[in-house]
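Hi,

Here is the structure I promised to pass on. Have a look at it first, and my notes follow below.

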Amino acid sequence: MGWLSWFTIGIVSLLAVGIVTIMIAARNAPRPGGLGIVNGRLAACRGPENCVSSQDGMLEPFTYDSNRESARKRLQEIVLSMLRAAVVADESDYLAVTFRSRFFGFIDDVEFQLSTQDRTIHFRSGARQGRSDFNVNRTRIEAIRAEFEE
(Lines give C-alpha, C1' and ligand atoms only; values in the text may rest on other atoms or scores of the structure.)
Protein backbone atom coordinates (compact mmCIF):
# COMPACT_ATOMS: atom_id res chain seq x y z
CA MET A 1 0.00 0.00 0.00
CA GLY A 2 1.16 3.47 -0.84
CA TRP A 3 1.35 6.48 1.44
CA LEU A 4 -1.96 7.83 0.10
CA SER A 5 -3.80 4.68 1.20
CA TRP A 6 -2.27 4.90 4.69
CA PHE A 7 -3.12 8.58 4.87
CA THR A 8 -6.74 7.86 3.89
CA ILE A 9 -7.01 5.06 6.48
CA GLY A 10 -5.61 7.43 9.12
CA ILE A 11 -8.10 10.19 8.31
CA VAL A 12 -11.05 7.78 8.28
CA SER A 13 -9.91 6.32 11.61
CA LEU A 14 -9.66 9.78 13.19
CA LEU A 15 -13.13 10.67 11.93
CA ALA A 16 -14.55 7.42 13.33
CA VAL A 17 -12.97 8.06 16.74
CA GLY A 18 -14.31 11.63 16.69
CA ILE A 19 -17.85 10.50 15.86
CA VAL A 20 -17.82 7.85 18.59
CA THR A 21 -16.52 10.42 21.10
CA ILE A 22 -19.30 12.86 20.18
CA MET A 23 -21.92 10.12 20.51
CA ILE A 24 -20.67 9.08 23.96
CA ALA A 25 -20.52 12.70 25.18
CA ALA A 26 -24.01 13.46 23.83
CA ARG A 27 -25.60 10.45 25.50
CA ASN A 28 -23.99 11.23 28.86
CA ALA A 29 -24.68 14.97 29.04
CA PRO A 30 -26.07 15.77 32.51
CA ARG A 31 -29.41 17.53 32.93
CA PRO A 32 -28.70 21.23 33.47
CA GLY A 33 -29.34 22.70 36.88
CA GLY A 34 -32.00 25.33 37.31
CA LEU A 35 -34.67 23.60 35.25
CA GLY A 36 -38.20 23.38 36.59
CA ILE A 37 -40.38 26.14 37.97
CA VAL A 38 -38.33 28.58 40.06
CA ASN A 39 -40.02 31.68 41.48
CA GLY A 40 -43.04 31.03 39.26
CA ARG A 41 -41.05 30.85 36.02
CA LEU A 42 -39.19 28.42 33.83
CA ALA A 43 -35.44 28.91 33.40
CA ALA A 44 -34.32 31.51 30.90
CA CYS A 45 -32.65 30.41 27.68
CA ARG A 46 -28.88 30.78 27.51
CA GLY A 47 -29.26 32.07 23.97
CA PRO A 48 -31.64 32.00 21.02
CA GLU A 49 -29.38 29.80 18.88
CA ASN A 50 -30.40 26.54 20.57
CA CYS A 51 -33.40 27.37 22.77
CA VAL A 52 -36.89 28.87 22.58
CA SER A 53 -39.06 30.08 25.43
CA SER A 54 -42.44 31.72 25.73
CA GLN A 55 -41.35 33.52 28.89
CA ASP A 56 -38.39 35.11 27.11
CA GLY A 57 -40.76 36.59 24.50
CA MET A 58 -39.49 34.40 21.66
CA LEU A 59 -42.85 32.74 20.96
CA GLU A 60 -46.35 33.11 22.38
CA PRO A 61 -47.47 30.60 25.03
CA PHE A 62 -50.10 27.99 24.20
CA THR A 63 -53.64 28.61 25.43
CA TYR A 64 -56.30 26.13 26.44
CA ASP A 65 -60.05 26.21 27.03
CA SER A 66 -60.44 23.04 29.11
CA ASN A 67 -59.32 22.49 32.69
CA ARG A 68 -55.60 22.27 33.46
CA GLU A 69 -55.63 18.50 33.99
CA SER A 70 -57.20 17.85 30.58
CA ALA A 71 -54.74 20.23 28.92
CA ARG A 72 -51.76 18.52 30.63
CA LYS A 73 -52.97 15.07 29.59
CA ARG A 74 -53.46 16.22 25.99
CA LEU A 75 -50.00 17.77 25.97
CA GLN A 76 -48.48 14.59 27.39
CA GLU A 77 -50.20 12.46 24.72
CA ILE A 78 -48.82 14.69 21.99
CA VAL A 79 -45.22 14.67 23.18
CA LEU A 80 -45.22 10.93 23.86
CA SER A 81 -46.44 10.30 20.31
CA MET A 82 -43.25 11.96 19.03
CA LEU A 83 -40.10 9.97 18.32
CA ARG A 84 -37.44 9.55 21.03
CA ALA A 85 -39.44 11.39 23.72
CA ALA A 86 -39.44 10.52 27.41
CA VAL A 87 -41.34 12.21 30.24
CA VAL A 88 -38.98 13.02 33.13
CA ALA A 89 -41.37 14.99 35.38
CA ASP A 90 -45.14 15.07 35.46
CA GLU A 91 -46.89 17.31 37.98
CA SER A 92 -50.23 19.11 37.96
CA ASP A 93 -48.70 22.38 36.69
CA TYR A 94 -45.45 21.13 35.10
CA LEU A 95 -44.39 18.63 32.44
CA ALA A 96 -40.75 17.97 31.56
CA VAL A 97 -39.75 15.86 28.56
CA THR A 98 -36.47 14.93 26.93
CA PHE A 99 -35.98 14.32 23.23
CA ARG A 100 -32.93 12.58 21.74
CA SER A 101 -31.65 13.23 18.25
CA ARG A 102 -31.65 10.24 15.95
CA PHE A 103 -28.00 9.86 15.04
CA PHE A 104 -25.80 11.35 17.74
CA GLY A 105 -28.30 11.12 20.60
CA PHE A 106 -28.09 14.80 21.57
CA ILE A 107 -30.62 15.60 24.31
CA ASP A 108 -33.07 18.49 24.30
CA ASP A 109 -34.91 19.43 27.50
CA VAL A 110 -38.49 20.59 26.96
CA GLU A 111 -40.57 22.00 29.81
CA PHE A 112 -44.18 23.13 30.04
CA GLN A 113 -45.72 25.22 32.82
CA LEU A 114 -49.53 25.16 32.95
CA SER A 115 -51.25 28.16 34.53
CA THR A 116 -54.86 28.10 35.72
CA GLN A 117 -55.13 31.90 36.09
CA ASP A 118 -54.85 32.80 32.41
CA ARG A 119 -55.11 29.28 30.93
CA THR A 120 -51.71 29.45 29.29
CA ILE A 121 -48.97 26.92 28.82
CA HIS A 122 -45.53 28.47 28.93
CA PHE A 123 -42.66 26.44 27.54
CA ARG A 124 -38.91 26.25 27.31
CA SER A 125 -37.18 23.97 24.81
CA GLY A 126 -33.39 23.92 24.76
CA ALA A 127 -30.45 21.81 23.67
CA ARG A 128 -28.15 20.55 26.42
CA GLN A 129 -25.08 20.90 24.24
CA GLY A 130 -23.85 22.92 21.32
CA ARG A 131 -24.31 26.43 20.09
CA SER A 132 -26.86 25.87 17.36
CA ASP A 133 -29.69 23.39 17.00
CA PHE A 134 -30.62 24.34 13.41
CA ASN A 135 -34.08 25.43 14.69
CA VAL A 136 -34.94 21.92 15.90
CA ASN A 137 -36.40 23.20 19.19
CA ARG A 138 -38.49 25.93 17.53
CA THR A 139 -39.79 23.51 14.91
CA ARG A 140 -40.68 20.94 17.60
CA ILE A 141 -42.58 23.49 19.71
CA GLU A 142 -44.48 24.74 16.64
CA ALA A 143 -45.42 21.14 15.77
CA ILE A 144 -46.63 20.50 19.34
CA ARG A 145 -48.63 23.75 19.26
CA ALA A 146 -50.26 22.87 15.91
CA GLU A 147 -51.36 19.47 17.19
CA PHE A 148 -52.45 20.85 20.57
CA GLU A 149 -54.66 23.47 18.93
CA GLU A 150 -56.43 20.97 16.62
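**Cavity, pocket and pairs**

β1 (51–53) and α3 (136–148) each contribute at least two residues to the lining of the largest cavity. Helices (H or I, at least four residues) and strands (E, at least two) are DSSP runs, numbered from the N terminus. Before I go on: this is a predicted model, in which local features need pLDDT of at least 70 and side-chain atom pairs count only at pLDDT 80 or more, while totals for chains, interfaces and linings use all residues. Residues are numbered from 1 along each chain as its sequence is written, and side-chain values use heavy atoms, with hydrogens and water left out.

Back to the cavity. On a 1 Å grid over the protein atoms alone, a cavity is a set of points where a 1.4 Å probe fits but cannot get out, and a pocket is an open set with protein on both sides within 12 Å along at least five of seven lines; lining residues have an atom within 4 Å of a point. Grid points are joined across faces, edges and corners, and a volume is the space filled by probe spheres set on the points. The count comes to 1 cavity of 30 Å³ or more, and the largest cavity holds about 30 Å³ of space. Its lining is made by P48, E49, N50, C51, V52, D133, N135, N137 and R138. By class these are 3 nonpolar, 3 polar and 3 charged (Ala, Val, Leu, Ile, Met, Phe, Trp, Tyr, Cys and Pro count as nonpolar, Asp, Glu, Lys and Arg as charged, and the others, Gly among them, as polar).

The largest pocket has a volume of about 470 Å³. It is lined by 21 residues, and S101, D108, D133, V136 and R140 are the closest to its centre. β4 (94–100), β5 and α3 each supply at least two lining residues, and α3 gives the most, with 4 residues. The lining of the largest pocket divides into 9 nonpolar, 5 polar and 7 charged residues.

A salt bridge here is a side-chain nitrogen of Lys or Arg within 4 Å of a carboxyl oxygen of Asp or Glu, and the count comes to 5.

Strand β5 also holds D109, whose partner R128 sits in the loop between β6 (120–127) and α3, 19 residues apart. R128 is buried at a relative accessible area of 15%, and D109 is buried at 3%.

What joins E69, R72, K73 and D90 into one network? Salt bridges that share partners do. Within this group, K73 and E69 meet at 3.8 Å, N to O; they lie 4 residues apart in helix α2 (residues 68–80), separated by about one helical turn. K73 is partly exposed at 44% relative accessibility, and E69 is partly exposed at 33%.

Best wishes

Terms used
Buried < 20%, exposed > 50% of the residue type's maximum accessible area, 1.4 Å probe, protein only.
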